[in-house]
Amino acid sequence: MSQRRWVPARAALVVLVAILLQISLVNELRIADAIGDLVLVVVVAAGVTGGADRGAAYGFAAGLAFDLLVDSPFGLTALTYALVGYGVGVVATALQRTSGWWPVAMAAAAGVAQAVLYTSLGILVGVDYPFGDVPAIALALALVGAVLVVPMEHVLWWVHGAPEADRLEVVLR
Amino acid sequence: MAISPPTGSRTRMLVLVLASVTLVVVGLRDVPVVRDVREGAATVVSPIEGAISTVTSPVRNAWHGIIDYEDLQRENERLQEQVAEAEAADIGQTDAERQLADLSASLNLPFAGDVPQVTARVVAGPRSNFSHAIEIDKGTDDGLVVGMPVVTGGGLVGRVDQATGGTARVELVTDPEFRVGVRLATTGALGTASGQGRGEALTVDSSISPSTPVDAGTGVVTSGVDRSAFPPGVPVGSVSTTRQGPGGLSLELDVDPLVDVDQLSYVTVLQWQAG
């Protein structure tokens with residue numbers, strides 16, 4: 001019970017630290033002329049460890065906070081992160097695998113999905129994001145996501161307690 | 001193994017999507033509450049961001065050392081060549097500088113002249129892949145107001161699009177949302193330049209007939225027409241290519257910006273306000 005009481009505070013702390021590191025450090029570390037996204041990694045890890053609901057909730061909350069600090073249309077990051085977090089959660093639950101190479105593959109796929117989704121929805125609401133930038137952005141998001149998702153899973157386990165993988169295994173047994 | 005989430009989960013997701021879409025619609029209407037909250041967030045985060053940025057600078061430097069090594073090597077060779085050329089051209093340059101100063105004085109260019117200026121340091125680059133804005137260390141306390149043009153000695157950088165007490169955000173010329181009225185330095189033909197993203201040339205929708213030749217390298221400056229958000233004569237870029245616009249009725253120009261917005265350390269805000 002006492003563990004659960006701290007979950008919201010820990011979750012907020014993780015999202016806040018990820019956003020601050022993103023805008024003060026990660027945005028300067030360019031890969032193939034684009035930058036990785038630490039906040040997206042948190043969202044993906046949330047989806048992998050906690051399923052669709054947790055992925056979507058983290059995506060919406062983290063995206064909304066991030067939207068306050070960027071010059072892109074307000075709410076667009078919240079929308080795309082929520083969709084990506086939800087999608088990752090649905091796939092992770094269906095595959096019933098939250099360890100090994102699956103999170104890495106899902107994080108890479110989520111990076112590509114985020115790049116395409118954000119550009120497409122941006123264009124839909126009237127911002128002329130060039131589609132030519134998508135491959136470089138997708139590559140950077142996929143690489144950073146693939147590298148950092150496993151350590152980030154451990155951070156999410158610290159927030160929410162026992163790994164969802166263990167719970168799934170118990171259920172399956 | 002069906003990929004099908006529970007109905008409750010789908011409902012909750014639908015609520016989040018609707019909430020996000022509502023926020024996007026509200027944000028697009030530039031509602032004051034959203035603007036105020038964003039400015040408040042920028043005010044709170046800016047000092048923390050600066051502190052983290054200082055602490056993590058060794059990481060950044062190490063990264064650039066690894067990733068940009070070949071670029072640095074080429075840059076080093078290029079600079080060495082430039083130093084040699086500069087030494088040889090020193091005498092001629094002094095004369096050229098005198099002529100340029102005389103020319104500026106005689107033409108009384110607003111860009112070079114009497115618009116009050118505030119020099120600011122760039123404290124942060126774009127915060128995401130879809131951001132085309134930088135942060136500077138001057139704000140409303142220094143007299144900055146949203147909409148003011150931002151330049152360097154090389155030409156137009158962008159304009160202030162958010163200002164708090166001690167910081168401001170500058171929308172760069174490369175932002176797809178950026179628009180500026182321009183004219184060709186040679187003929188005075190007018191057009192509207194718009195950003196096309198990082199590293200891309202600006203596109204100018206001009207009023208020039210498609211049959212009119214426009215040479216590559218032709219200078220483009222801000223038009224400063226009535227109530228313009230920018231003073232006239234600020235250098236923007238040079239024409240790289242031309243093509244027929246939609247319908248074939250006018251020319252469309254690609255213009256390479258004069259200022260490399262990825263390499264900015266200091267900028268100057270012109271305290272110019274439209275109309």
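This is a predicted model: local features need pLDDT of at least 70, side-chain atom pairs count only at pLDDT 80 or more; totals for chains, interfaces and linings use all residues.
Residues are numbered from 1 along each chain as its sequence is written, chains are lettered from A in the order in which they are written, and side-chain values rest on heavy atoms, with hydrogens and water left out.

Chain B contains 5 helices and 12 strands, these being DSSP runs (H or I of at least four residues for helices, E of at least two for strands) numbered from the N terminus. Of its 275 residues, 39% count as buried, a term that denotes under 20% relative accessible area, with exposed meaning over 50% and partly exposed in between (1.4 Å probe, protein chains only). Among contacts in chain B with a separation of 6 or more, 55% involve residues 24 or more positions apart, where contact means heavy atoms within 4.5 Å.

Six strands of chain B form a closed barrel in the order β6-β7-β8-β11-β10-β9, with antiparallel pairing, two strands being taken as paired if DSSP finds at least two bridges between them. From one strand to the next the twist averages 40 degrees, as given by axes fitted to C-alpha atoms, with angles between N-to-C directions running from 0 to 180 degrees. Within chain B, strands β7 (residues 190–194) and β8 (residues 202–206) run antiparallel and are joined by 4 bridges, and B:A193 has B:V204 as its bridge partner in β8(B).

Strand β1(B) pairs with strand β12 (residues 266–270) of chain B in the antiparallel sense over 5 bridges, with B:T119 standing opposite B:T268. Antiparallel pairing also links β1(B) to β2(B), through 2 bridges, and here B:A124 is the bridge partner of B:E135. B:E135, in strand β2 (residues 133–136) of chain B, counts as buried because its relative accessibility is 8%. Beyond residues up to four places away in sequence, B:E135 touches B:R121, B:V122, B:V123, B:A124, B:R127, B:A168 and B:R169. Leaving aside neighbours within four places in sequence, the contacts of B:E171 include B:H132, B:A133, B:R159, B:D161 and B:F178.

A search of the whole structure finds 4 cavities of 30 Å³ or more, a cavity being a set of points on a 1 Å grid over the protein atoms alone where a 1.4 Å probe fits but cannot get out. The largest cavity holds about 100 Å³ of space, and of its 13 lining residues those nearest the centre are A:D37, A:Q114, B:S128, B:N129 and B:F130; lining residues have an atom within 4 Å of a point. Helices α4 (76–95) and α5 (102–124) of chain A each supply at least two residues of this lining.

The largest pocket contains about 1200 Å³ of space, a pocket being an open set with protein on both sides within 12 Å along at least five of seven lines. Of the 39 residues that line the largest pocket, A:E28, B:H64, B:D262, B:Q263 and B:L264 are the closest to its centre.

Conventions. Grid points are joined across faces, edges and corners, and a volume is the space filled by probe spheres set on the points.
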